[in-house]
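Biologist: I'd like to learn how to read a structure like this one. Could you walk me through it, feature by feature?

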Amino acid sequence: MTEPTEDRARFRRTLARVMTVQVVTLLLLWLLQSRYSS
Amino acid sequence: MHPLNWAIVIAYLLYVMIDGVRRARHTSDLEGYFLASRSLPWWAVGLSVMATQLSAVTMIGTTGQGATDGMRFIQFYFGLPLAMVLLGVTLVPFLHRAKVYTAYEYLERRFDAKTRSLTALLFLLSRGMSCGTIIAAPGVVFSAVFGWPLGWSVALMGIPTVIYTVLGGVQAVTWADVKQMVLIVVAMSAMVVVLLVRIPIAPGDALEVAGAAGRLRAFDFSFNLTNTYTFWSGIIGGTFLMLSYFGTDQSQVQRYLTARSVDEARSSLLMSAYWKIPLQALILLVGILVFVFYQYTAPPLLFNPAHEKQVRDARPAAYQALEGRYAAALAARRSAADRLVESPDAPARAAVTAREAEVTAVRAEALDLAQEVTGQPSRDVNYVIPRFVLDHLPLGLAGLFIAGVMAAAMSSIAAELNSLATSTVIDFYRRWVRPEGTDAHFLTVSKFATMGWGLFACVVATYAATLGSLIEVVNRFGSFFYGSILGVFLLAMIPSAGAAGAFVGLIAGMAAVAAVNFGAPEVSFLWHNVIGAVVVVVVGTAISAVGGRRKAGVGG
């Protein structure tokens, strides 16, 4: 079993990575909408 | 359909079945049959998780929604990445380390047997019904497109799936999912390439036309409880739905219980967190490109060929008049699109929007006429893509797409049959009927249970055909109980929560969802999950606190 502090650190890293991908995807969709939608 | 396309479909069906039977050699005990002896690599489990969630409804209904409604549907998945991360640090380690077969088994250890049995029963009821809907969705479409009886379509997908799931267990299900997921992505990507080649304008201009017709609107920031597809519904309601589905639904929990370790189980869920939204965008993009394609090639007035024939036979004059107006509206829309490509300015965009509204209005009249003649809701959106595939895709690719739709249906059905059998045997048969049975006995019973659920799903599929929208029916079945079951698992993480609180909370949560569903039916089903989970946690905590004080009082 891993230490709680190690688990927390890994969770923070994972959360940051997943959220970065999510934000980039949403940003691309937003750009697509604002560039092409009337 | 051309014989080569049929050859591809039949080859795929045979391959999946033979490979599934081959996997039967690795399933000689109950843990191997239901959990692959907890030995599978994260990437196979991750693909299986995605394949289970991606059903034929997604391949047919969501692409059709992309064509008629645009990118808006993607908001439904905005809560998924956060839900996956939260599950990775909460329920996944809990369940994996508990060495349970089902998520509900854990609830008996934490609370009591009746909470376990009730949640397992709710799972069996909702998933048993939705399994039929999942086969019915493509079955109905294939029947209308190919002119078969519905029973044939159901049998074509149902029989091979039941065979490989019964014989091979979770091993066969997972490895078939891996291949099916690859086939789905290849079919979808090939569709995008073919569409880009077939559309007679540059990709940038295609986006310009789609955008002017409102197909690239991915965000709606209005806060409206009655609208399923808004940013807030997706972020809040979607997070709760995904937490419930991936965290407490045995059809998903069983996927990651087969992983080698807690870390591999977490990684398998994170695959969805990374890829689900881009994959969904790809699927909607296929629909949007089909919409652009039909700017330059006249689409049928009704995409459902069976309804088209019935309306043409019953009301020929009315249908012909609508076709005339439709052709004129399409020509005007085409001219507006041409002008927009020449000079993409605001007036040209407004012209496309106005001409698109005219086309939509004529089609709405045709759909009303179809409903009047056939006495059934038209659900024409589900026929847009199959009709395009059969009329316009090059030789071989139509077969690949149809095989992809079957793969999507079969991967979801197989996972559900496997999990329904697991819960039936572990949560009911082994718990209440014959706790002292041998492993070999339970293995035999499990195979019969899988077969029984397969038969039940096929029968339900034959009758589910007339139920509402293919996409929403599947989600509605689950959302009635999902939030409340999630609430019980959340309660399990609160140390002071007791068994009485969990059981009463669960009943209260379902009662609250039922009250909202019948009292305010306009509230979107995505919010039912939030309501159910919150009510269970609040009521469960309160009851536990009262019970705790009484005990303390008695003891003191």
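Modeller: A helix here is a DSSP run of H or I that has at least four residues, and a strand is a run of E with at least two. Counted that way, chain A has 1 helix and 0 strands. Keep in mind that this is a predicted model.

Biologist: How much of chain A is buried?

Modeller: A residue is called buried if 20 or more other C-beta atoms lie within 10 Å of its own. In chain A, buried residues make up 8% of the 38 residues.

Biologist: Let's move to helix pairs. At what angle do α15 and α16 of chain B cross?

Modeller: Roughly 160 degrees, and their axes come within 9 Å. Helix α15 covers residues 316-342 and α16 covers residues 346-374. Angles over 145 degrees count as roughly antiparallel, so that's the word for α15(B) and α16(B). The crossing of α15(B) past α16(B) is left-handed, and the residues in their contact split into 17 nonpolar, no polar and 8 charged.

Biologist: Is S343(B) buried or exposed?

Modeller: Exposed, because S343(B) has 8 C-beta neighbours inside 10 Å, and the cut-off for exposed is 12 or fewer. Another thing to look for is S267(B): its C-alpha atom is 48 Å from that of S343(B), and the two residues are 76 apart along the chain.

Biologist: How do α4 and α8 of chain B lie relative to each other, and which residues touch?

Modeller: Helix α4 (residues 56-69) and helix α8 (residues 113-146) of chain B cross at roughly 50 degrees, with axes coming within 8 Å. That angle makes α4(B) and α8(B) oblique to each other, and their crossing is left-handed. From α4(B), the contact uses A56(B), V57(B) and I60(B); from α8(B), it uses I134(B), A137(B), P138(B) and V141(B). By class, that's 7 nonpolar residues, no polar and no charged ones.

Biologist: What about α9 and α18 of chain B?

Modeller: Helix α9 (residues 150-198) and helix α18 (residues 397-433) of chain B pack at about 140 degrees, with axes 6 Å apart. α9(B) also passes α18(B) in a left-handed crossing. Their contact has 26 nonpolar, 7 polar and 1 charged residue.

Biologist: Which residues touch the most other members of the largest nonpolar core?

Modeller: As a general idea, nonpolar side chains tend to be buried together in soluble globular proteins. Here the largest nonpolar core has 192 residues, and the ones touching the most other members are I135(B), A210(B), L289(B), V290(B) and A409(B). Setting aside neighbours within four places in sequence, L289(B) is in contact with V192(B), L195(B), I199(B) and A206(B).

Biologist: Last one: how do I read phi?

Modeller: Most residues other than glycine have a negative phi. S37(B) has a positive value, near 55 degrees, and R38(B) has one of about 50 degrees. S37(B) is in the loop between α2 (30-35) and α3 (42-53) of chain B, and R38(B) is in the loop between α2 and α3 too.

Key. Residues numbered from 1 in each chain as written. Chains lettered and ligands numbered in written order. Predicted model: local features only at pLDDT ≥ 70, side-chain atom pairs only at ≥ 80, totals over all residues. Axes fitted to C-alpha atoms, helices over the stretch in contact; angles between N-to-C directions. Parallel < 35°, antiparallel > 145°, perpendicular 65-115°, else oblique. Left-handed = near helix turned anticlockwise from the far one by under 90°. Nonpolar A, V, L, I, M, F, W, Y, C, P; charged D, E, K, R; others polar. Core = buried A, V, L, I, M, F, W, Y, C linked by C-beta atoms within 7 Å. Contact = placed C-beta atoms within 7 Å.
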